[in-house]
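Please read the account below alongside the sequence and the coordinates. It moves from surface charge to the covalent link, then to backbone angles and ion pairs.

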Amino acid sequence: MRLSFLNRGLIIGVLMLLLAGCSAVRFAYNQAPELVYWRLDGYVDFDGEQAPPARGAVNQWFEWHRNTQLPDYATLLVKLQAEVQQPTTAAQVCRWWDEIEKRRDLLLDQATLRLTPVALTLKPEQFENIEERYAKSNKDFRKEYLQEDPQDRREAAVKRVIDRSEILYGRIEGSQRELIERQLAGSPFDPQRWYNERRRRQQDVLQTLRQLQAGKATAQQAQPVLRALAQRLVESPDESYRRYMAQLTAYNCEFAAQLHNATTPAQRRTAAGKLKGWEADLRALVSNGT
């Protein structure tokens, strides 16, 4: 939940905590408000007046999220436990992705609502802090996704997919690794294009916030502007990029379905067991508050 005025990455991270494979989901979730606040502070460097309302907004968002969203996630995990033990199709995978996106949009909207007053207090030097952090994160992005050697880039992509798959299924075997390598070789994923869109979003964030500050916008005036910004962060105004993302999503749904269908009964039982454990953690977070 890294604020709509920074980007959507951390919000999706909270949502995908369900599937993160953490051995202590309850512990991770209970620590998340403090971690999110420090992540935000690392970008902005809140001053003494800004820190309390920023921390309060983050805490309020998590309180809302715990009480209204976690029960829904637990219900989704029950459905997944049944489906993960059966073969699947690309259409089924894409339906699940649509479910995630609907929830992501709600998370962004609620974050925007709570954090708008804080965003309107940002000072010029804090915009500079955000720019510096963007530059650092972009450097990290290039290191992870834009290796100069094509072989290094392919190997890094294969490792990412295997690591993420093993969170759910357990150890990925030789033939499954070969499937991953083949599918990635044919993927339309273009990290340079993603990087360019990432830079566009960052500039959009900074420009929008500076305009609101220059115009001395009130929170009421800023709300629709920041909601529009949040929408541009999740759906690019660039039509060619939207077409690219539609193509990539369709490919990834097919890829995920093929990989799932290549798993063994034992791997699917492992997946179902992990989903059941995460469901129990979420229900405990709701009922016990810890």
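Glu-128 sits in helix α6, which covers residues 124-145; helices here are DSSP runs of H or I with at least four residues, strands are runs of E with at least two, and both are numbered from the N terminus. With a relative accessible area of 45%, Glu-128 is partly exposed. In this text buried means under 20% relative accessible area, exposed means over 50%, and partly exposed lies in between, with a 1.4 Å probe and protein chains only. The model is a predicted one, in which local features need pLDDT of at least 70 and side-chain atom pairs count only at pLDDT 80 or more, while totals for chains, interfaces and linings use all residues. Residues are numbered from 1 along each chain as its sequence is written, and side-chain values use heavy atoms, with hydrogens and water left out.

Glu-128 belongs to a patch of negative charge on the surface, together with Asp-45, Glu-125 and Glu-132. A patch takes in residues with over 30% relative accessible area and no salt bridge; like charges are joined within 9 Å, and nonpolar side chains (Val, Leu, Ile, Met, Phe, Trp, Tyr) within 5 Å. Lys and Arg count as positive and Asp and Glu as negative, with His and the chain ends not counted. Each charge is placed at NZ of Lys, CZ of Arg, CG of Asp or CD of Glu. Accessible areas come from the Shrake-Rupley method with a 1.4 Å probe, and for residues only the protein chains shown count as cover.

There is also a patch of positive charge on the surface, made up of Lys-139, Arg-142, Lys-143 and Arg-199. Helix α6 supplies the largest share of this positive patch, three residues. Arg-142 is placed in helix α6 and is partly exposed, at a relative accessible area of 34%.

Asp-45, a member of the negative patch, also has a backbone feature: its phi is positive, about 65°, although the residue is not a glycine. Most residues other than glycine have a negative phi. Asp-45 lies in the loop between α2 and α3 (51-68) and is partly exposed, with 47% relative accessibility. Lys-216, another residue other than glycine, has a positive phi near 50°. Lys-216 is in the loop between α9 (191-214) and α10 (219-234), and its relative accessible area of 71% makes it exposed.

Which cysteines form a disulfide? They are Cys-94 and Cys-253, with sulfur atoms 2.1 Å apart; a disulfide is defined as a pair of cysteine sulfur atoms within 2.5 Å. A search of the whole structure finds one such link. The link of Cys-94 and Cys-253 is right-handed, with 110° about the S-S bond. Cys-94 is in helix α5 (residues 90-119) and Cys-253 in helix α11 (residues 239-261), so the pair ties together parts that are 159 residues apart in sequence. Cys-94 is partly exposed at 22% relative accessible area, whereas Cys-253 is buried at 4%.

Helix α11 also holds Ala-256, which is partly exposed at 33% relative accessibility. The C-alpha atoms of Ala-256 and Gln-176 are 12 Å apart in space, and the two residues are 80 apart in sequence. A second pair can be read in the same way: Gly-42 and Trp-96 are 54 residues apart along the chain, and 33 Å separates their C-alpha atoms. Gly-42 is in helix α2 (residues 25-44).

Salt bridges number 18 in a search of the whole structure, each being a side-chain nitrogen of Lys or Arg within 4 Å of a carboxyl oxygen of Asp or Glu. In helix α11, Glu-239 and Arg-243 are four residues apart, about one turn of the helix, and their side chains meet in a salt bridge of 3.4 Å, N to O. Arg-243 is exposed, at 52% relative accessible area.

Glu-197 and Arg-200 form a salt bridge of 2.8 Å, N to O. These two residues are three apart in helix α9, so about one helical turn separates them. Glu-197 is buried at 4% relative accessibility, and Arg-200 is partly exposed at 21%.

Arg-283 and Glu-279 also meet in a salt bridge, 2.8 Å from N to O. Both lie in helix α12 (residues 265-288), four residues apart, about one turn of the helix. Arg-283 is partly exposed at 39% relative accessibility, while Glu-279 is buried at 12%. Elsewhere, salt bridges that share partners join Glu-197, Arg-200, Arg-201, Asp-204 and Arg-232 into one network.
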